[in-house]
Amino acid sequence: MVAVIDSLIQWDHQDLASNIYTTDHYSDKLPGEVKGWDFSSSGQGDPDTRLSLNERDIIQPHFRDTFELSCQEMVEEYKNIAFLFAQNNPDASACEIGTLIKQYFRSQITSEFHGTWVSGVVAAHSPDQSGIAGVAPQAKILPIRVFGLNGAIDSISLIEAIGYAAARDADVINLSLGRLMPHQALNEQILSVLEANPQLVIVASAGNENRSGISFPAAIPQVLSVGATNMQGERSSYSNYGKGLDVVAPGGDISRSLSGGILTTGGTGLSSLWQGITKPDYAWGYTLDPLGNYMQVQGTSFAAPAVSGVVALMKGVNNTLNRERIIDVLEETASYQGLTLTETEQDLYQSYQQARLTGEKAEERPEFLVFPEPSSAENYFFGLGLVNAEAAIQAVQ
C-alpha cells in the first residue's frame, strides 16, 4: 500500500476508486475515518481528502468565469491581475491579457488536485479500460491530505501525516513535496518513523528549481530522492541535481510539447464544479479531455510516484523485502542507458569539480546530511541512473 501525502485527492475518480485503501478496521481509527485523512483542516482534521462544498464555492466562481466570460470581460472583472499581466506583457492586446488571466485561473485550479495527479501515476486502474493505468495498477492508495487551497500547509500537519501513514501500515510513503531548507522536527519524525519501521520506504521528489542541491525531505539520506527525466532521456530542465540525488524517473517536460507530459488522473471532472457552467467541447490548459478527468503534467512530483509504484510492484512479488534491500535493488538495477547529458551539463559538472578541487568551502550541513561526492557527470545529474522496473522486479522474485 502506498500512502500519498499531498493535496486534494479525489479518491472517487473512476480510475482510482477501486484502488483506495480503507482504514475503518483499525482500533484507533479517527472519527469517521474510512479512506485516509485530511490533516489540512482545522482541529484534528476530517476524514475526506476530496474537495469540500465550501472549497468548491471558493474556487468555482473563478473557474466559471474562465468559461463564461469573454477575454475582454475577464480584463474588466480582474483589473488588478490584468494590470500585472500587462506590465509583464507590454505588447499584448487586451484580449490576449484576458486569455492569460483565463489560463492563470485554470492552471491554479487544476493544480489544487496535485494529489489526484500523483495518485494516478502510482496506481490508476481503469476497470473498463477506457481510462489509464498507473505504474502499479493493482496497488492500494492511502489518501492523506496536508495541503489546503492555494498550497497552504504547516509542518505540524506533515509531521502528523507521516506518523499516521506509518500507523496505517504503509509500505511506501510518497512525498511529492519539499522545501529548500531542512526542518528539524520533520527530519526527526522521518528518521524516527524509518527506524521503527524497517520495511517502510519513503520516496520524495528532488525539487523543480533546476539547481544543484535537492530539496528536503528528499535530501535526508534514508529517504529515496528522485529527479526527473523527459521522454528523450535528458534531465528535465526543471529537475534539481547534485549530491544526495539517488535515482531518476520520467517526470515529463511540457515545455517541448503537451505530449511530453506524464498522463494521469485529473480532479476537475466533478459534476458539482461544473454546475452553472457551459461545458466546453475542447481540451483546455493541460487537460486531455474537456472536463479535466485526465491531465498531462510535469515535475519531479511525478517522477517520485513512478518510483513509489515500482516499489509497490516489488513488494507485490516479495512482501518480505525490507527498506535496505529495496533501495539496494533499485540503485543496483538503475543505469545510464538511454540517458543523455547536454554540453551545458558537462560544463556545469566541470565547474563543480574545479570548485571542489580548489578547496572552496563546502556548504555546512548537519552530520546526518553529509553526502558522498558525485563520481561522474552522469552521477551528478542522474544519481545512480534511471529506475528499471522490470530489472528491479526480476531481482526480488
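Cys-95 is partly exposed, with a relative accessible area of 30%. Partly exposed here means between the cut-offs for buried, under 20% relative accessible area, and exposed, over 50%, with a 1.4 Å probe and protein chains only. The model is a predicted one, in which local features need pLDDT of at least 70 and side-chain atom pairs count only at pLDDT 80 or more, while totals for chains, interfaces and linings use all residues. Residues are numbered from 1 along each chain as its sequence is written, and side-chain values use heavy atoms, with hydrogens and water left out.

Cys-95 forms a disulfide with Cys-71, the two sulfur atoms being 1.8 Å apart; a disulfide is a pair of cysteine sulfur atoms within 2.5 Å. The structure holds 1 disulfide. The pair links distant parts of the chain, 24 residues apart, with Cys-71 in helix α2 (residues 71-77) and Cys-95 in helix α4 (residues 94-111). Helices (H or I, at least four residues) and strands (E, at least two) are DSSP runs, numbered from the N terminus. The disulfide is left-handed because the torsion about the S-S bond of Cys-71 and Cys-95 is about -80°. Cys-71 has 15% relative accessibility and therefore counts as buried.

Helix α4 continues from this link. The helix has 18 residues, and the distance from its first C-alpha to its last is 26 Å, close to the 26 Å expected at 1.5 Å a residue. The expected span of a helix is 1.5 Å times one less than its number of residues. The buried residues of α4 are Ile-97, Gly-98, Ile-101, Lys-102, Phe-105, Arg-106, Ile-109 and Thr-110. Among the elements that cover them are α1, α2, α3 (79-88), α5 (114-123) and β9 (294-297). Contact means heavy atoms within 4.5 Å.

One of the buried residues of α4, Ile-109, is in contact with Phe-63. Leaving aside neighbours within four places in sequence, Phe-63 also contacts Thr-268, Leu-273, Trp-274, Ile-277 and Trp-284. Phe-63 belongs to the largest nonpolar core, of 58 residues, where Phe-63, Val-203, Val-226, Val-307, Met-314 and Leu-330 touch the most other members. A nonpolar core is a set of buried Ala, Val, Leu, Ile, Met, Phe, Trp, Tyr and Cys residues joined through side-chain atoms within 4.5 Å. In soluble globular proteins, nonpolar side chains tend to be buried together.

Helix α1 (residues 53-68) holds Glu-55. With 13% relative accessibility, Glu-55 counts as buried. A polar atom of the Glu-55 side chain lies 3.0 Å from the backbone nitrogen of Ser-52. Not counting residues up to four places away in sequence, Glu-55 touches Leu-8, Arg-50, Arg-145 and Leu-149.

Several loops remain. Gly-242, in the loop between β6 (224-229) and β7 (247-250), is buried, with a relative accessible area of 2%. Its C-alpha is separated by 6.0 Å from that of Phe-381, although Gly-242 and Phe-381 are 139 residues apart along the chain. Gly-242 touches Ser-212 and Tyr-380, not counting residues up to four places away in sequence.

A cis peptide bond joins Phe-216 and Pro-217, with omega about 10°; Pro-217 lies in the loop between β5 (201-205) and β6. Asn-210 is found in the loop between β5 and β6. Asn-210 is not a glycine, yet has a positive phi of about 50°, and is partly exposed at 38% relative accessible area. Asp-169, in the loop between α6 (155-167) and β4 (172-175), has a positive phi of about 65° although it is not a glycine. Asp-169 is partly exposed, with a relative accessible area of 47%.

Note on methods: A polar contact is a pair of N or O atoms within 3.5 Å; within protein, one must be able to donate a hydrogen and the other to accept it, and residues adjacent in sequence count only if both atoms are side-chain atoms.
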